[in-house]
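Student: Could you take me through one buried spot in this fold, residue by residue, and then work outward from there? I'd like the cut-offs spelled out as you go.

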Amino acid sequence: MSHQPRSIEESRIAQPIGTTLDRFIKNNQDQFAFASGELSQLLRDIALASKVVNREVNKAGLIDIMGAIGSQNMAGDQQQKLDVLANIRFTRALMKGGEACAIISEETESFVDLNNNGKYVIAIDPLDGSGNIDVNVSIGTIFSIYRRKSPVGRPIQTIDILQPGADQVAAGYVLYGSSTMLVYTTGHGVNGFTYEPTLGEYFLSHPNLRMPTEGKIFSVNEGGYFSFPEAVKKYLAYCKEQQYTGRYIGSLVADFHRNLLKGGIYIYPATAASPTGKLRLMYECNALALVAEQAGGKATNGTTRILEIQPENLHQRVAFYVGSPSMIDRAMQFNLG
Ligand code: P6P
């Protein structure tokens with residue numbers, strides 16, 4: 001009997017719907033060193049908040065949440081309305097989930113003390129790249145999850161808050177781009193999920209992401225060139241001699257994600273404007289450094305592996321070089337630090 005070709009509709013319906021984020025977490029919860037339900041709850045809280053933020057980001061041009069609110073955050077960045085909204089969404093979701101004892105956020109001066117019975121500390125940049133909101137360029141959320149060090153039930157201590165990136169138990173980011181993606185690791189590789197808004201679900205779309213060992217993309221804001229360290233200038237000259245491609249979106253999550261998939265190096269060195277670097281260790285660099293390393297990449301401040309840096313304060317800035325391992329190794333030969 002000749003097989004009748006399926007209609008497009010039949011083919012679409014017949015497609016397996018794929019693995020949701022919830023299902024993936026459940027299928028892999030034995031990989032999480034602590035009580036499995038705790039990680040599921042934390043990732044569910046973060047995913048839920050990202051769905052709400054995604055909706056607000058997508059509507060930003062249509063309702064009055066565009067633009068700056070006239071205040072500045074801890075880093076001195078002009079706070080955009082969506083920054084503030086995103087911070088509220090993530091804080092509320094984590095508070096309701098009950099697993100977090102404290103939140104470190106770009107948007108708040110000190111840590112937010114949630115619940116002494118919580119076992120996890122979350123470091124988050126609720127909406128990174130927010131300067132791009134008004135011009136409709138991709139932006140992102142970056143998050144780190146740490147296990148508290150002090151006894152549960154007692155007040156939060158500094159040892160719970162200022163933990164090196166190597167102590168993260170999970171980390172990842174959400175990219176609000178042409179599609180919205182959540183990419184995370186619990187220390188067993190990196191997996192990417194794409195959001196299907198009509199179903200309100202994240203589906204596994206990029207299993208076991210690996211950063212290409214080599215790349216031909218360098219990502220840096222050359223506006224700061226004249227105040228870059230000489231070693232960085234020499235490395236950039238090398239990149240141009242190799243005829244690498246320059247790509248700089250100015251939204252860290254977007255620049256990082258492109259390099260994760262295609263290979264490349266992202267550089268934010270010390271500059272005159274930011275003598276210790278611009279990017280923040282606790283809620284930007286540590287999370288991306290863990291994702292990078294778990295995908296086979298590398299991340300350094302020019303002299304030290306990012307994950308080994310002992311934080312001195314919540315909003316500490318570092319120079320940041322992250323990307324394909326061969327490119328980082330080559331860059332380090334220029335004595336960047
Ligand atoms: P510059 C956004 O403010 C951010 O923290 C990152 O998302 C981005 O990569 C970087 O700063 C852009 O900084 O100095 O190039 O505008």
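Tutor: Let's start with Ile 103, which touches Thr 91, Leu 94, Phe 111, Val 112, Leu 114, Ile 122 and Ile 124, leaving out residues up to four places away in sequence. Contact here means heavy atoms within 4.5 Å. Before going on, a caveat: this is a predicted model, where local features need pLDDT of at least 70 and side-chain atom pairs count only at pLDDT 80 or more, while totals for chains, interfaces and linings use all residues. Residues are numbered from 1 along each chain as its sequence is written, and side-chain values use heavy atoms, with hydrogens and water left out.

Back to Ile 103: its relative accessible area is 1%, so it counts as buried (buried is under 20%, exposed over 50%, partly exposed in between, with a 1.4 Å probe and protein chains only). One of its contacts, Ile 124, is 21 residues away along the chain, yet the two C-alpha atoms are separated by 7.4 Å.

Ile 103 is found in strand β3. Strands are DSSP runs of E with at least two residues, helices are runs of H or I with at least four, and both are numbered from the N terminus. β3 covers residues 100–105 and pairs with β4 in the antiparallel sense over two bridges; two strands pair if DSSP finds at least two bridges between them. The bridge partner of Ile 103 in β4 is Val 112.

Zooming out, β3 belongs to an open, mixed sheet of eight strands, ordered β4-β3-β5-β6-β7-β8-β9-β10. The edges are β4 (112–113) and β10 (201–206); each has a single partner strand, so one side of each has no neighbour in the sheet.

Now the helices. α8 (residues 281–294) lies across β3, β5, β6, β7, β8 and β9, at about 100 degrees to β7. α7 (residues 252–262) lies across β5, β6, β7, β8 and β10, at about 105 degrees to β7. For these angles, axes are lines fitted to C-alpha atoms, for helices over the stretch in contact, and angles run from 0 to 180 degrees between N-to-C directions.

Neighbours within four places aside, Ser 251 is in contact with Asp 128, Gly 129, Asn 132, Ser 138 and Ile 139.

Asp 128 also leads us to the ligand, which 13 residues surround, the closest being Asp 128, Tyr 248, Leu 252, Tyr 266 and Tyr 268 (near means a heavy atom within 4 Å). As for polar contacts, which are pairs of N or O atoms within 3.5 Å, a ligand oxygen is 2.5 Å from a side-chain N or O atom of Tyr 268. A backbone N or O atom of Leu 252 lies 2.8 Å from a ligand oxygen, and for the side chain of Glu 284 the distance is 3.3 Å. Taken alone the ligand exposes 400 Å², and the protein buries 80% of that; accessible areas come from the Shrake-Rupley method with a 1.4 Å probe.

For contrast, look at the loop between β5 and β6, where Asn 136 is found. Asn 136 is exposed at 74% relative accessibility, and its phi is positive, about 65 degrees, although it is not a glycine.

Technical notes. Polar contact = N/O pair within 3.5 Å; in protein donor to acceptor, adjacent residues only side chain to side chain.
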